[in-house]
Amino acid sequence: MKYLGIDLGTKKVGLALSVSGENMAFPLPAIANDQFLFKNIKSIGEGADIGGIVVGLPTSATETDNPFLKNVESFGRGLKEQVPWPVFFEKENFSSRHAALTAHQKEALDSASAVIILERFLARKERFRMFLSTSVIPLETRENEARCIGLFLSVFPLCLSIYRL
């Protein structure tokens with residue numbers, strides 16, 4: 001299944017597309033954050049035959065909310081109403097800084113961040129698949145994410161104890 005990664009910015013929106021069945025993503029050209037944003041995302045998703053969308057969720061290093069967080073959560077809720085695919089959130093801690101080290105041009109920075117966010121999501125999805133043998137649950141709210149992480153942390157020690165026997 002392919003996913004579309006999104007790094008929401010105030011002026012531009014970075015995009016990335018995953019490779020079906022792989023934990024890799026490639027940048028797409030960034031698009032304008034304007035009144036046609038949802039329509040453009042839907043069109044790109046249909047053209048790429050995606051199965052889900054991953055939106056970068058900005059949090060600070062101390063896990064406290066930052067001013068842009070509410071905008072991104074609102075964007076994710078609005079996007080979910082406009083597109084036929086599930087919308088997931090993935091923390092984007094330091095993705096822009098990491099992208100600045102790898103992006104060769106300033107114009108590619110937004111989409112390079114989207115690649116990092118999407119690859120983190122794919123890696124986390126793979127870890128959940130390995131330990132829980134289920135698909136990723138859409139993280140519609142941060143409360144659901146906390147429940148998923150709690151479940152993972154409660155199962156992980158059991159897996160380790162069985163492995164040690």
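Six of the six residues of E1 are buried, so the strand is largely enclosed by the rest of the structure.

Some ground rules. This is a predicted model, in which local features need pLDDT of at least 70 and side-chain atom pairs count only at pLDDT 80 or more, while totals for chains, interfaces and linings use all residues. Residues are numbered from 1 along each chain as its sequence is written, and side-chain values use heavy atoms, with hydrogens and water left out. Helices (H or I, at least four residues) and strands (E, at least two) are DSSP runs, numbered from the N terminus.

Now the sheet. Five strands form an open sheet in the order E3-E2-E1-E4-E5, with mixed pairing; two strands pair if DSSP finds at least two bridges between them. Strand E3 (25–32) and strand E5 (87–91) are the edges, each pairing on one side only. From one strand to the next, the twist averages 25°.

Next, the neighbours of E1. E1 (residues 3–8) and strand E2 (residues 12–18) run antiparallel and are joined by five bridges. They form a hairpin with three residues between them. Within this pair, Asp7 has Gly14 of E2 as its bridge partner, and Ile6 stands opposite Leu15 in E2. With E4, E1 pairs in the parallel sense over four bridges. There, Leu4 stands opposite Ile53 in E4.

That leaves the helices. Helix H1 (residues 37–48) lies across E1, E2, E3 and strand E4 (52–57), running at about 150° to E3. Axes are lines fitted to C-alpha atoms, for helices over the stretch in contact, and angles run from 0 to 180 degrees between N-to-C directions. Helix H2 (residues 69–82) packs on the sheet and touches E1, E4 and E5, its direction making about 170° with that of E4; contact means heavy atoms within 4.5 Å.

Which residues of H2 are buried? They are Leu69, Val72, Glu73, Phe75, Gly76, Gly78 and Leu79. An α-helix has 3.6 residues a turn, so residues three or four places apart point the same way.

Definitions and conventions
Buried means under 20% relative accessible area, exposed over 50%, partly exposed in between (1.4 Å probe, protein chains only).
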